[in-house]
Amino acid sequence: MTGKVYLVGAGPGDPQLITVKGLWCLHHADVLLYDRLVAPELVEEVPAAAECIYVGKSPGRHPYSQAAINAILVERARCRNIVVRLKGGDPFVFGRGGEEAQALAGAGVPFEVVPGVTSALGVPARAGIPVTHRGVSATFAVLTGHQAGGRDDLNWEALAQIDTLVILMGVKRLPHVIAMLVAHGRDPQTPVAIVERGTLAGERVVSGDLGSIAGRAAAAGICSPATVVIGDVVRLRESLFSSPLAPSIPDRQPSTLPDLQSAIS
Ligand code: SAH
């Protein structure tokens, strides 16, 4: 009998944004493998006896290769463990969860995917930016500023036509992305917002337009993790946050897991 691997999305940052099923997996874990952007509060949710392995990937630093992570998942599951692979956001959005699923399938190890709230949607949403909005945006696309091998084979002509673009891992390459979009016809006055540490304490938002945003981001010292949103929907943020019912970002405290525990018990 082998165990089972759960590929779990932790959500965009705030630990309360994990799913109920994701939290259930943590509570039943024998082994946990987790990434850098996973909230520490979530790591504390596993049983005291569970083995916790930090396989954190910070930009440019990978203590465990993807092959090594795959091998640990297979080996621990074969020892009849419940193995939880906890990843930031959603495991299948720029998270290499698909590769891990392939490795598990290839090794004949049972696994289940537990989707998470991707930062591509959750970070703009909590900052007051809907990625679609009637009459403003009917299409959105998510891309990364950091493509495998540093190549750029994106279809910029098509991307320049999409109402809302969300860019992950895009801070460093933002000037390149902007240059490509403008070269393919996007109006330099298109609004842009960058949300740094979205949904977490210390969240910061810098906004401007395609022409000004790179300079403003550099001046503000914006760094990873940050999500870039490009499109007219960015303008909605002001009207949403001027509502008396809207949460005010500076007042928002990070949520704590004890609340979450009582919410589902
Ligand atoms: N699988 C993840 C994405 C992994 S790529 C998901 O679905 O969310 C990591 C990128 O996600 C970061 O470089 C950043 O662009 C974005 N990101 C993750 N956490 C974030 C946060 N708290 N605030 C803003 N962006 C974040």
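**Around helix α4**

Tutor: Just after α4, G108 takes a positive phi of about 75°. Helices (H or I, at least four residues) and strands (E, at least two) are DSSP runs, numbered from the N terminus. This is a predicted model, where local features need pLDDT of at least 70, side-chain atom pairs count only at pLDDT 80 or more, and totals for chains, interfaces and linings use all residues. Residues are numbered from 1 along each chain as its sequence is written, and side-chain values use heavy atoms, with hydrogens and water left out.

Student: Which residues are buried in α4?
Tutor: In α4 (residues 97-107), they are G97, E100, A101 and L104. Buried means under 20% relative accessible area, exposed over 50%, partly exposed in between (1.4 Å probe, protein chains only).

Student: And what do the buried residues of α4 pack against?
Tutor: They pack against β1 (4-9), α3 (66-78), β4 (82-87) and β5 (111-114); contact means heavy atoms within 4.5 Å.

Student: Ok, new topic: how many salt bridges are there?
Tutor: The count comes to 11. A salt bridge is a side-chain nitrogen of Lys or Arg within 4 Å of a carboxyl oxygen of Asp or Glu.

Student: Which residue forms a salt bridge with R85?
Tutor: E100 does, with the closest N and O atoms 3.1 Å apart. R85 lies in strand β4 and E100 in helix α4, so the pair ties together parts that are 15 residues apart in sequence. Both R85 and E100 are buried.

Student: What about K87 and E100?
Tutor: Their side chains meet in a salt bridge too (3.2 Å, N to O).
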